[in-house]
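Keep the 3D view open as you read, and take the points in any order you like.

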Amino acid sequence: MSLNDPDLYLLVVAHPDDESMFFGPSLNAFLQYQRKKQLEHDGSYDGATETGDSSQNKVPSIHILSLSNGDYDGLGQTRQIEIVSAARSLGLIGTNNEFGGSNDMNTVETLDRQEMKDGPNAVWDTTVVADAILDHIGDLVFKQRRTQSVSHASDGDDDSTTGYKIAIVTFDARGVSGHPNHLDVHRGVRHLLEKGSRHRKNGVDIGIQGWELLTISNPLLKYCPLLEWVAMTIAYMVAMVLGWFDRDIPSSVPQDSNETSKGVSLDFLMFRPNLVWNAMAAHRSQFVWYRRLSVLFSRYTYANRLREIRTTKINPKDPNIICKKQS
């Protein structure tokens, strides 16, 4: 992966169900990467090496922040419960994480603020959105730092004075579906990045870089992902063969990163529509017929392309940038 060793992944969405409808392949890849780092940390991963640098084996946490509770139809409290159930279906939280190990460090948070109410006619101020995200990051870092300090103290090691690297993932400027709240989330994240890639919160230095999910505007490409279906069919056939030898294949495949004038991009393929289906089914109040069809036919069920968000105020040569193109 070229989302280079962040301490914390933060998916920022507008409504409960956005995480399942659009970001399944990315979240699944982050979970696999988390599991790999957990194995390295425990010394049980074949690729782990003794570098003497504990930062090489740090385990990133994964978090979802929904800036509204989706209360447009008066179902806000219901949807707050549903997003937790969906996160459990995705393996992000709970005890049924198929990748094994502990995922207690992962969280799901839903906000309910008057300034960020769900609705196509609601306008979310970019500064309010940016401040809400930064405040949430500060809270996450504070809790994670406190937990790690206890762990390191028991090991006789303390790196609590080091900074934290944050990778934010969100919508692009077209908002995937074009929903005004999605657009406002993107503007808020961009505004946060334009204020600088370095911040200080709760006494901790925080380095932030943003990644955006690219919108597919062509309906044929969006709802007829033939390449993904072919790849999925091949993957299932390979899985059956490997199953005869008690082996397995990754369920989410990170592709090579690409760099253009618009920034670094990274593709994730996931060959498991059942995972997204189950996550969306957890959003029972929203799982109407056209969303069921969308889960089956939408390209976002099978593939995500994330692109680095670049702003004029972020120096691409800044050594604090945390996500770089792999060589």
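Which side chain meets Asp 135 in a salt bridge?

1. The partner is Lys 201, with 2.8 Å from N to O. Please keep in mind that this is a predicted model. Asp 135 belongs to helix α4 and Lys 201 to strand β5, so the bridge links distant parts of the chain, 66 residues apart. Asp 135 counts as partly exposed at 31% relative accessibility, and Lys 201 also counts as partly exposed, at 23%.

2. Helix α4 (residues 126-154) also holds Asp 131, which forms a salt bridge with Lys 195; their closest N and O atoms are 3.5 Å apart. Lys 195 lies in the loop between α6 (180-194) and β5 (198-201), so this pair ties together parts that are 64 residues apart in sequence. Both ends count as partly exposed: Lys 195 at 44% relative accessibility and Asp 131 at 33%.

3. For a buried pair, look at Glu 212 and Arg 307. Their salt bridge has its closest N and O atoms 2.9 Å apart. Glu 212 sits in strand β6 (residues 204-213) and Arg 307 in strand β10 (residues 303-308), and the two are 95 residues apart.

4. Next, two backbone angles to check. Most residues other than glycine have a negative phi. Asp 17, though not a glycine, has a positive phi of about 105°; this residue is in the loop between β1 (8-13) and α1 (18-22). Val 176, also not a glycine, has a positive phi of about 65° and is placed in helix α5 (residues 175-178). Asp 17 is buried, with a relative accessible area of 5%, and Val 176 is buried as well, at 4%.

5. How do helices α3 and α9 run relative to each other? The axes of α3 (residues 76-90) and α9 (residues 273-281) come within 7 Å and cross at roughly 160°. Angles over 145 degrees count as roughly antiparallel, and these two helices are therefore roughly antiparallel to each other. The crossing of α3 past α9 is right-handed.

6. Finally, turn to the surface. Tyr 223, Val 288, Trp 289, Tyr 290, Leu 293, Leu 296 and Phe 297 form a nonpolar patch there, with about 700 Å² of accessible area together. Helix α10 (residues 289-297) gives the largest share, 5 residues. Leu 296 is found in this helix and counts as partly exposed, at 37% relative accessibility.

Definitions and conventions. Residues are numbered from 1 along each chain as its sequence is written. This is a predicted model: local features need pLDDT of at least 70, side-chain atom pairs count only at pLDDT 80 or more; totals for chains, interfaces and linings use all residues. Side-chain values use heavy atoms; hydrogens and water are left out. Patches are made of residues with over 30% relative accessible area and no salt bridge: like charges are joined within 9 Å, nonpolar side chains (Val, Leu, Ile, Met, Phe, Trp, Tyr) within 5 Å. Accessible areas come from the Shrake-Rupley method with a 1.4 Å probe; for residues, only the protein chains shown count as cover. A salt bridge is a side-chain nitrogen of Lys or Arg within 4 Å of a carboxyl oxygen of Asp or Glu. Helices (H or I, at least four residues) and strands (E, at least two) are DSSP runs, numbered from the N terminus. Buried means under 20% relative accessible area, exposed over 50%, partly exposed in between (1.4 Å probe, protein chains only). Axes are lines fitted to C-alpha atoms, for helices over the stretch in contact, and angles run from 0 to 180 degrees between N-to-C directions. Angles under 35 degrees count as roughly parallel, over 145 as roughly antiparallel, 65 to 115 as roughly perpendicular and the rest as oblique. A crossing is left-handed if the near helix is turned anticlockwise from the far one by less than a right angle, and right-handed if clockwise.
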